[in-house]
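Biologist: I would like to learn how to read a few features of a protein model. Where do we start?

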Amino acid sequence: MAITTVPGTRREPGRPASPYPAGPQRTSLGRKVRDNLTGHAFLIGAVICFGFFSWYPMIRGVVMSFQRTRRGVTTWVGWDNYDRIIGDPSFWAAWKNTFYFTVLALVLGYAVPFFVAILLNEFRHAQGYLRILVYLPVMLPPASALFLFKFYGYDPSDAGLFNSILKALHLPTSQWMQSPEMTMPAMVIASTWMNMGGAVLIYLAALQNIPGELYEAAELDGAGIWRRIRNVTIPQTRLILALLAMLQIVATMQFFIEPLILANGTGAEDSATSVAYLIYQHGFFQNDLNGAAALGVIMLVVLAGFSAVYVRLSSKQD
Amino acid sequence: MAQDSGTRTLISHAQLRRGRGRVVYWTLLAVVVVGFTLVFLGPLYWMVTGALKSGQEIAQTPPSLFPKDPQLQNYADAWNNLDLAKLLFNTFYYAAGALLFQLVLDTAAAYALSKLRPAFGNLILGLMLATLMIPAMVLIVPQYVTVIDLPILHINLLDSPLAIWLPAVANAFNIFLLKRFFDSIPEELMAAALMDGATPLRTLWSIILPMSRPILGVVSIFAVTAVWKDFLWPKLVMPSPETRTVSVGIYAFSGGTPMNVVIAASVIAAIPTVIVFLIFQRNIMSGLTTGSLKG
């Protein structure tokens, strides 16, 4: 890349240069065992919790998806659960909605916070106030925020907040959640409003770790603002950008509370049903925990495949 | 605020102080301040005042900016009909417990992974970080089944706070944040403490933790908000009305309750977190922005 315009960037200033100082190497075996035991004693609590509530359920989920439990009797049923869940009339709609939501949320919820953070980072005044504002919605319980959007924001009559604004601007009003076309964008807007603060703060922290000399040097080399963003800001925050993109995709693919509250689950003509909602519906309404587990495994496979492609692509860019 | 004139950012200070740069800077700042206030504070204002309006007033077009005849009754109804005191207490209790469990167990784990480095430490870290890639929704069904009948112990944790506290500890992101921060604490300090004969626990308590206040603040906020914001998990594992969290409780009542009362309840549910945030915002902001120890 155009790193050549900025001498010295390769040094990675954030990383401590010194390796782990040579520890006590002459220690006896007994000492080593004791040190290890101490280390594991500190780890054990977290490891137990991970074991019970993350690692074991992961395996259990896969196992369950090939079993069926009826009246307390569990039998192996092969791919039956998968057949049943794929045959659900909402299955494909749920996937379509989930991809649509993820893409929209990525455009809105990923790019916007980054540029907001770049902007905020330049301000020498009111920065604290602006940061509080951006993060405030994150502190609201999502149910509270979504009821606000549902009852006041997306009120399809002219009394609704968004319709009033559209009307004042002489733009056509919308039926919002009542219209299958607007359901998704409306959910993404609500979701982005609620969640972007966290990303902004994390980006801001990353931006403030960029050494000022890099910008100085780039400017001396005649790089304009956009070039400085492209050649200094983005490369310097690349790791955190990549990590957050991944986390955001994993998070948005599981959107659940937005359809549940804004659209009473499925929305008009299945326009809001998400894969996560379908899991919930099968597991806890249709008394089909095994089918829900199967759908969970499908989701896992899709996300893993996606992650693999993503990692491939982002490592190729170097 | 934020007069840290030492650091240089995208655009140099000098450029912003002179002529055109200065005009652009102040215009942009004004636009952003007004815009952000409208976008982020506006809806909250609408929420608080909307819940003060009567059913008729909320349905009128164009909507009124101020409630004509404030109906405090909506808030009183929300408080009494939904038993918000109980719901808020439950949520506090779950959040506080989750915070305590995470601070103790996750800090200890991150310390072990960063400084003590026992055998297989990296493998364990890897397995923990791998869970970041596992969508919570994928685990929700098997986790639920696990909580109903905990393996080996065969305990049912439904309606027990442990069903929220223990899974909260399995938070790879917080462990990752803590570990990364601990990594940046110079090994010389560890070596010095060792030389003075301090035990690993003593070193953690007297050296690492005092230096880690910023990151502990961040992790605490994350831990509390995670519980506060969670919806589906508490909905599943706290099925009785007596053990519900505030979000789940409001949702459960939302069907048969007037719209303005639901919003009033939502406002009340949001007040504690907003207050906590306003009090501790400096901790989280400085924790996230000062970043390294050297700063």
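Modeller: We start with a definition: a residue is buried if 20 or more other C-beta atoms lie within 10 Å of its own, and exposed if 12 or fewer do. Keep in mind that this is a predicted model.

Biologist: Is Trp176(A) buried or exposed?

Modeller: Trp176(A) has 22 other C-beta atoms within 10 Å, so it is buried. It sits in the loop between α6 (161-168) and α7 (180-208) of chain A. Its phi is positive, about 50°, although Trp176(A) is not a glycine.

Biologist: What is the phi of Asn287(A), and where is this residue found?

Modeller: Asn287(A), also a residue other than glycine, has a positive phi near 55°. Its loop lies between α12 (275-284) and α13 (289-316) of chain A. Asn287(A) has 11 other C-beta atoms within 10 Å, so it counts as exposed.

Biologist: How do strands β1 and β2 of chain A pair?

Modeller: In general, side chains in a regular strand alternate between the two faces of the sheet. Here, β1 (residues 67-70) and β2 (residues 73-76) of chain A pair in the antiparallel sense, over four bridges. In this pairing Gln67(A) stands opposite Trp76(A) of β2(A). The two strands form a hairpin with two residues between them, and Arg71(A) in the turn has a positive phi of about 50°.

Biologist: Now a helix. Which residues of α11(B) are buried?

Modeller: A helix can be read by its length and by its sides. Helix α11 of chain B, residues 200-211, has 12 residues and reaches 15 Å from its first C-alpha to its last, close to the 16 Å expected at 1.5 Å a residue. Its buried residues are Pro200(B), Thr203(B), Leu204(B) and Ile208(B). These cover an arc of only 95° around the axis, so they are on the same side of α11(B). On the other side, Arg202(B), Trp205(B), Ser206(B) and Pro210(B) are exposed.

Biologist: What do the buried residues of α11(B) pack against?

Modeller: They pack against α1 (29-64) of chain A, together with α5 (84-116), α9 (172-183) and α10 (187-195) of chain B.

Biologist: How many residues of chain B are in contact with chain A?

Modeller: There are 90 residues of chain B in contact with 90 residues of chain A. Helix α15 (residues 259-290) of chain B gives the most to the side of chain B that touches chain A, with 13 residues. The residues of that side divide into 64 nonpolar, 21 polar and five charged.

Definitions and conventions: Residues numbered from 1 in each chain as written. Chains lettered and ligands numbered in written order. Predicted model: local features only at pLDDT ≥ 70, side-chain atom pairs only at ≥ 80, totals over all residues. Expected span 1.5 Å × (residues − 1). Arc of directions from axis to C-beta. Contact = placed C-beta atoms within 7 Å. Nonpolar A, V, L, I, M, F, W, Y, C, P; charged D, E, K, R; others polar. Pairing = 2+ DSSP bridges.
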